[in-house]
Amino acid sequence: MNWESFKFAALGAVQTLTQGWSYKALIAAMLAMIFHKHAILFYSFAFLVFIDCFTKWVSISYLHLKDSGIENPTILESIKGIKKARAAKKIKSEVMKHRFLGKIGVYLICALSAAVVDVVMRVLDRPTFAVMTVIGYLVVTELLSIIENLNDAGVEAMSGLVAFIKKKL
């Protein structure tokens, strides 16, 4: 083995790795924040609230289509009918925006408050429970809302699931 070639290659690798270290450190920090478990929980809540708002639009569209004379609109017709329901002022973006942001705000307050309770419980050498309880409840409640919206949109298979989840709560 040629040690001189190895030394040259190793120094070249170190030099390449250290080039732009500030950018690499910044990107690593951003990735760590983006993929942190609390960030993922926030993304998950935001996604669930978005799906809840969307399914609410679908259920409003379904009712609008029924009022327009379509006897049993399908889920696809209800999704396509969102534009017509918006034009008829049945769906108002301002209301939905406040609903979305309000829910996210309330969820953050609840989750942060639960985290403080868990910190206090750790300091008191007691078992923690608040974060898991609060977040679990909020997630299941959001899921129930999505399923109820789909049920209201005429998806008949959801009625049994609504009853099942309500029984579990």
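From the N terminus on, the elements of the chain run α-α-α-α-α-α-α-α, that is, 8 helices and 0 strands. The radius of gyration is 25 Å, well over the 15 Å that the globule rule gives for 169 residues, so the chain is more spread out than a compact globule. Helices (H or I, at least four residues) and strands (E, at least two) are DSSP runs, numbered from the N terminus. The radius of gyration is taken over C-alpha atoms, and the globule rule is 2.2 Å times the number of residues to the power 0.38.

The model is predicted: local features need pLDDT of at least 70 and side-chain atom pairs count only at pLDDT 80 or more, while totals for chains, interfaces and linings use all residues. Residues are numbered from 1 along each chain as its sequence is written, and side-chain values use heavy atoms, with hydrogens and water left out.

**The chain as a whole**

- Along its principal axes, the C-alpha trace spans about 85 × 45 × 30 Å.
- Of the 169 residues, 24% are buried; buried means under 20% relative accessible area, exposed over 50%, and partly exposed in between (1.4 Å probe, protein chains only).
- The accessible surface is about 12,100 Å², and carbon and sulfur atoms hold 71% of that area. Accessible areas come from the Shrake-Rupley method with a 1.4 Å probe, and for residues only the protein chains shown count as cover.
- Among contacts between residues at least 6 apart in sequence, 56% join residues at least 24 apart; contact means heavy atoms within 4.5 Å.
- The chain has 20 positive and 12 negative charges, and their mean positions are 4 Å apart. Lys and Arg count as positive and Asp and Glu as negative, with His and the chain ends not counted. The place of a charge is NZ of Lys, CZ of Arg, CG of Asp or CD of Glu.

**Helix lengths and the glycines after them**

- Helix α1 (residues 3-18) has 16 residues and reaches 22 Å from its first C-alpha to its last, close to the 22 Å expected at 1.5 Å a residue. The expected span of a helix is 1.5 Å times one less than its number of residues.
- Just after α1 comes Gly-20, with a positive phi of about 65°.
- Helix α3 (residues 37-67) has 31 residues, which should span 45 Å at 1.5 Å a residue; its end C-alpha atoms are 45 Å apart, which agrees.
- Gly-69 follows α3 and has a positive phi, near 110°.

- Most residues other than glycine have a negative phi.
- Lys-89 is not a glycine, yet its phi is positive, near 65°. Lys-89 sits in the loop between α5 (82-87) and α6 (93-123) and is exposed, with a relative accessible area of 59%.
- Asp-125 is also not a glycine and has a positive phi of about 55°. The loop between α6 and α7 (130-152) holds Asp-125, which counts as exposed at 68% relative accessibility.

- Phe-50 lies in helix α3 and is partly exposed, at 47% relative accessibility. Phe-50 and Phe-100 are 50 residues apart along the chain, with their C-alpha atoms separated by 7.0 Å.
- Arg-99 lies in helix α6 and is partly exposed, with a relative accessible area of 26%.
- The C-alpha atoms of Arg-99 and Val-49 are separated by 9.0 Å, and the two residues are 50 apart along the chain.
- Not counting residues up to four places away in sequence, Arg-99 touches Asp-52, Lys-56 and Ser-145.
- Glu-142 belongs to helix α7 and is buried, with a relative accessible area of 1%.
- Leaving aside neighbours within four places in sequence, the contacts of Glu-142 are Leu-48, Val-49, Asp-52, Lys-103 and Tyr-107.

**The loop between α7 and α8**

- Ala-153 is found in the loop between α7 and α8 (158-168), and counts as buried at 1% relative accessibility.
- Residues up to four places away in sequence aside, Ala-153 touches Val-58, Ser-59, Tyr-62, Ile-75 and Ser-78.
- Lys-24 is 129 residues from Ala-153 along the chain, and their C-alpha atoms are separated by 49 Å.
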